Amino acid sequence: MGKTTGFMEYERVDGLVKAPEERICNFDEFHGKLTDEEQKKQAARCMNCGVPFCQYGGMIAGMGSGCPLHNLVPETNDLVYQGNLEQAYLRLSKTHSFPEFTSRVCPALCEAACTCGCHTKPVSTKENEKAIIDYAYEHHLVTEQTPKIRTGKSVAIVGSGPSGLAAAQLLNRRGHKVTVFERHDRVGGLLRYGIPNMKLDKRTIDRRVELMRQAGIEFLCNVNVGVDITAKELLKAYDRVILCGGASNPRDINVTGRDAKGIYFAVDFLSEVSKKLMDEDYDASKVINAKDFSFGSLKGKHVIVIGGGDTGNDCVGTSIRLQAGSVVQLEMMPKPSAKRLDSNPWPEWPRVLKTDYGQEEAIAKFGSDPRIYQTTVSEFIKNDKGQLTAVKTIQLEAGTFKKIEGSEKIIKADMVLIAAGFLGSQKYLTDSFKVELDRRTNVAASEETYQTSTERVFAAGDIRRGQSLVVWAIAEGRAVAKAVDESLMGYTNL
């Protein structure tokens, strides 16, 4: 696969990325692409390793390794190397529902497990994938299959995030009548309201959803299942129900002063910015200068983000685009090593220091990395009007997370964004369907059948496995579609 000696002849080269000073002026995607010839060279680096861990998609040492979709990575890379992008798209489509999403937002588990990455930089599989799907859209190769024959069976899917969309796609192709219920005003779930536009332009979602509508999938927005329509009504109207509602309960920081004005959950902040941007037809100037957000204008404000993960980084990048005066990011964990440690061998997920786009932008604008490690908030400080004015932080011992007495500091803050992860499913939804939960309040469902404790009700994605990645959600959506199809028809050809 690829060129036999390609990994020795060519160094890894990524597509051009706009400089932080330029890209923070808007909410546009900022990753460019290589020329066709350069992309072929990058695909040529795929080394025919014999054991492609890149497509393993399992757990090693408690962490995901390789692509959960089991994409045929060496084969698609080889087709890119040959310049046959049409065939590469057809090959990729055998295992993947939405390459246009993962090629933008996935942390590339495939690359972390790439054999080439043992001694040099891994193959740029993610960019190769983006080149494939962008070519496919440009050349009108992307379609959604409209079934010629319908089975007479109906399926309701609760939630239009990546797992719900993937399940809907395959079940519709099979011939079942699929209706997707979404409580928000637009389709997409986490893709639309949890990921900023500069990482995933929402028009990319609209493009795919329109194809799915044309293929016969019905999307009902502004319908909150468990509130606007009951579980009993859905089970009466549909043969099967799939819960794909995500893990949308944000973890709180309950310390003194939590009731101060100016403290928001990250998901609410990111959702409101995304909605404002779409409502303003993607005119960044109207969003940057807006004063009608629930959190008001950020211009010149001091922002503290609690949480060092992807969502925290997204809050940093978004705050900078909204012209915050300063941004600090608090992380409970110790600063990771710059290189793999002996205790973290390939092909485990590399637990190494990563400076993401938001942190790069903070460094460019403010002159330093916004992250403060081994630190948490011990108190929110407010004035006599109840408005947040500062936070008191305290350092933590590595490994034990015990608070270090005497390490307290006061940091000025006009706004705090809590990006400390999610705890599980929405109670009103799970109560409505009377499904059993696991100890983390996720819906308990078999990994083989995805069946819940309630007859004819299935669950997939974050609502079942907990907060995870888009690629895992798509994989679960495809798997639950197969399980539901088999339960309806007695067999499945998905």
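Lys130 counts as buried because its relative accessibility is 17%, where buried means under 20% relative accessible area, exposed means over 50% and partly exposed lies in between, with a 1.4 Å probe and protein chains only. This is a predicted model, in which local features need pLDDT of at least 70 and side-chain atom pairs count only at pLDDT 80 or more, while totals for chains, interfaces and linings use all residues. Residues are numbered from 1 along each chain as its sequence is written, and side-chain values use heavy atoms, with hydrogens and water left out.

Lys130 is found in helix H8, and helices here are DSSP runs of H or I with at least four residues, just as strands are runs of E with at least two, both numbered from the N terminus. If residues up to four places away in sequence are not counted, Lys130 touches Ser103 and Arg104, contact being taken as heavy atoms within 4.5 Å.

Helix H8 (residues 125-138) also meets helix H4 (residues 73-81), for their axes come within 10 Å and cross at roughly 60°; such axes are lines fitted to C-alpha atoms, for helices over the stretch in contact, and angles run from 0 to 180 degrees between N-to-C directions. H4 is therefore oblique to H8, since angles under 35 degrees count as roughly parallel, those over 145 as roughly antiparallel, those from 65 to 115 as roughly perpendicular, and the rest as oblique. The crossing of H4 and H8 is left-handed, a term used if the near helix is turned anticlockwise from the far one by less than a right angle, whereas clockwise would be right-handed. On the side of H4 the contact is made by Val73, Thr76, Asn77 and Val80, and on the side of H8 by Thr125, Asn128 and Ile132. Sorted by class, this contact of H4 with H8 has 3 nonpolar, 4 polar and no charged residues, where Ala, Val, Leu, Ile, Met, Phe, Trp, Tyr, Cys and Pro count as nonpolar, Asp, Glu, Lys and Arg as charged, and the others, Gly among them, as polar.

A second pair of helices can be read in the same way. The axes of helix H15 (residues 310-321) and helix H16 (residues 357-366) come within 7 Å and cross at roughly 40°, which means that H15 is oblique to H16. The crossing of H15 and H16 is left-handed, and the residues of their contact divide into 5 nonpolar, 4 polar and 4 charged.

The strands come next. Strands of a sheet pair through backbone hydrogen bonds, either parallel or antiparallel. The bridge partner of Val305 in E9 is Gln329, and strand E9 (residues 326-330) is mostly covered, with 4 of its 5 residues buried.

An open sheet is formed by 3 strands in the order E11-E12-E13, with antiparallel pairing. Its edge strands, each pairing on one side only, are E11 (375-382) and E13 (409-412). Between E11 and strand E12 (residues 388-395) there are 7 bridges, and Glu379 stands opposite Lys392 in E12.

Finally, Lys434 lies in the loop between helix H17 (427-433) and strand E15 (457-459). Lys434 is exposed because its relative accessible area is 68%.

Key. Pairing = 2+ DSSP bridges.
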